[in-house]
Amino acid sequence: MKIDVDESVSSSATMTDLDNWYSIKLQLNPPLLFPVSGEYMSNFGYVAPTTVEETLAVLQRATDQGQRTQILAGGTDVIVQFRSLDSSHRLFVDIKSLKETNDVRIDKEHIFVGAAIASGVLNENAELKALFPGLLEAADLIGSTQIQGRASIGGNLCNSSPAGDTIPALIVNSALCVIATNEGTRTVPTENFVTGVGRNCLAAHEFLLGFQIPRPSAGTGDAYLRFIPRTEMDIAVAGAAVSLTINQDGICERARVSIGAVAPTPLLVSSAAETLVGTTADEDALQQAAQACSDAAQPITDKRGTVEYRRKVVGVLCRRAGAIARDRALSNRN
Ligand SMILES: Cc1cc2nc3c(=O)[nH]c(=O)nc-3n(C[C@H](O)[C@H](O)[C@H](O)COP(=O)(O)OP(=O)(O)OC[C@H]3O[C@@H](n4cnc5c(N)ncnc54)[C@H](O)[C@@H]3O)c2cc1C
């Protein structure tokens with residue numbers, strides 16, 4: 001059954017079509033038989049719209065009816081959380097098959113990366129890897145090979161964990177979040193997207209389409225490093241991303257520094273960037289940037305590290321990521 005969602009939004013006659021479509025999808029979906037605290041995970045609805053307009057219509061309709069919705073991308077956070085933390089009823093809205101959330105467009109001025117692309121797929125894109133090695137390295141740190149077959153960078157951002165690995169790397173690359181709304185799209189700089197632990201600026205009837213990232217100018221390089229107590233499959237104790245642009249005279253003209261896992265939200269640290277601009281990004285300048293990151297951090301003490309430890313580690317990571325970004329920037333000059 002095909003419905004014209006534009007019409008369905010504006011007329012009650014076709015809204016019935018949407019209702020039918022909605023319930024048919026729900027009936028077709030068999031309950032999953034995974035135990036949730038001794039029960040079964042059938043406490044949900046599932047729809048997989050095929051266009052942005054359908055998705056927005058489903059979200060709006062459910063919101064108007066007071067129904068809880070949750071966007072589903074790779075599910076590597078959602079399903080784990082639904083099974084173990086909060087299994088209250090909701091409608092999952094799967095955005096994995098939308099054209100827009102799977103798009104990669106590399107234009108003269110901007111690059112668009114769809115929100116639902118699995119990190120394993122992103123990392124096979126040689127052109128993206130050459131443009132944003134730090135961002136793709138961050139995506140490559142998520143979980144394991146199996147997790148990367150599903151986990152998206154859109155999901156990593158929208159999960160809005162302070163320790164989401166790709167968020168600082170998106171921030172230093174000045175990525176704009178492109179959000180689908182009933183009025184079209186709106187954009188939000190990544191550093192303003194996450195508003196608290198597990199919270200972000202999306203309204204219930206909106207979703208993230210992808211990221212618009214300016215094409216890096218000549219002499220730009222980025223890097224991301226995190227520290228975990230194990231070699232993989234752990235949450236960052238601290239993370240730092242740096243992007244630098246270095247001119248033909250070897251002077252840093254532009255810098256962005258972001259830190260993760262050391263505050264309720266990933267932070268853009270302008271004070272660290274300021275210590276680098278106008279220098280050759282040498283060890284002294286990087287040390288000052290490191291100190292600015294340690295000062296900007298607002299960490300907590302938990303089983304992974306104390307406040308003092310995290311402050312120290314985030315500075316070390318900034319210095320090391322800064323040196324990698326500088327070397328990449330130097331080798332990217334025309
Ligand atoms: C074993 C394991 C290891 C992990 N290791 C790491 C790690 O090393 N580093 C790390 O950062 N994370 C890690 N994670 C967490 C997780 O894999 C990542 O956060 C992943 O990027 C989430 O992407 P996803 O596509 O699976 O998102 P989902 O689970 O589908 O969604 C995550 C959240 O974002 C929302 N959402 C997703 N897409 C959109 C969208 N387009 N618009 C609006 N809302 C959206 C969902 O509603 C949900 O709230 C790990 C998880 C597991 C299970």
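A261 counts as buried, because 30 C-beta neighbours lie inside 10 Å of this residue, and 20 or more are enough for that label. The model is a predicted one. A261 sits in the loop between strand β15 (252-260) and strand β16 (267-268). Its phi angle is positive, about 70°, although A261 is not a glycine.

S160 belongs to the loop between helix α9 and helix α10 (166-172). With 22 C-beta neighbours inside 10 Å, S160 therefore counts as buried.

Helix α9 leads on to the ligand. The ligand is surrounded by 32 residues. The closest of them are G74, G143, G155, N156 and C158. Four elements each supply at least two residues of this shell: β4 (69-72), α4 (78-84), α9 (153-159) and β12 (207-214). Which of them gives the most to the shell? That element is α9, with 5 residues. Sorted by residue type, the shell around the ligand holds 17 nonpolar, 12 polar and 3 charged residues.

The next topic is the nonpolar core. The largest nonpolar core is made up of 90 residues. Which residues have the most contacts inside it? They are C293 and C318. Apart from neighbours within four places in sequence, C318 is in contact with A240, V242, V257, I259, A272, A289, A290 and C293.

Helix α13 covers residues 283-296, and helix α14 covers residues 307-331. The two pack at an angle of about 145°, and their axes are 8 Å apart. Their crossing is right-handed. On the α13 side, the contact is made by L286, Q287, A289, A290, Q291, C293 and S294. On the α14 side, R311, K312, V314, G315, V316, C318, R319, G322 and A323 make the contact.

Notes: Residues numbered from 1 in each chain as written. Predicted model: local features only at pLDDT ≥ 70, side-chain atom pairs only at ≥ 80, totals over all residues. Core = buried A, V, L, I, M, F, W, Y, C linked by C-beta atoms within 7 Å. Buried ≥ 20, exposed ≤ 12 C-beta atoms within 10 Å, placed from the backbone. Contact = placed C-beta atoms within 7 Å. Axes fitted to C-alpha atoms, helices over the stretch in contact; angles between N-to-C directions. Left-handed = near helix turned anticlockwise from the far one by under 90°. Near = placed C-beta within 6 Å. Nonpolar A, V, L, I, M, F, W, Y, C, P; charged D, E, K, R; others polar.
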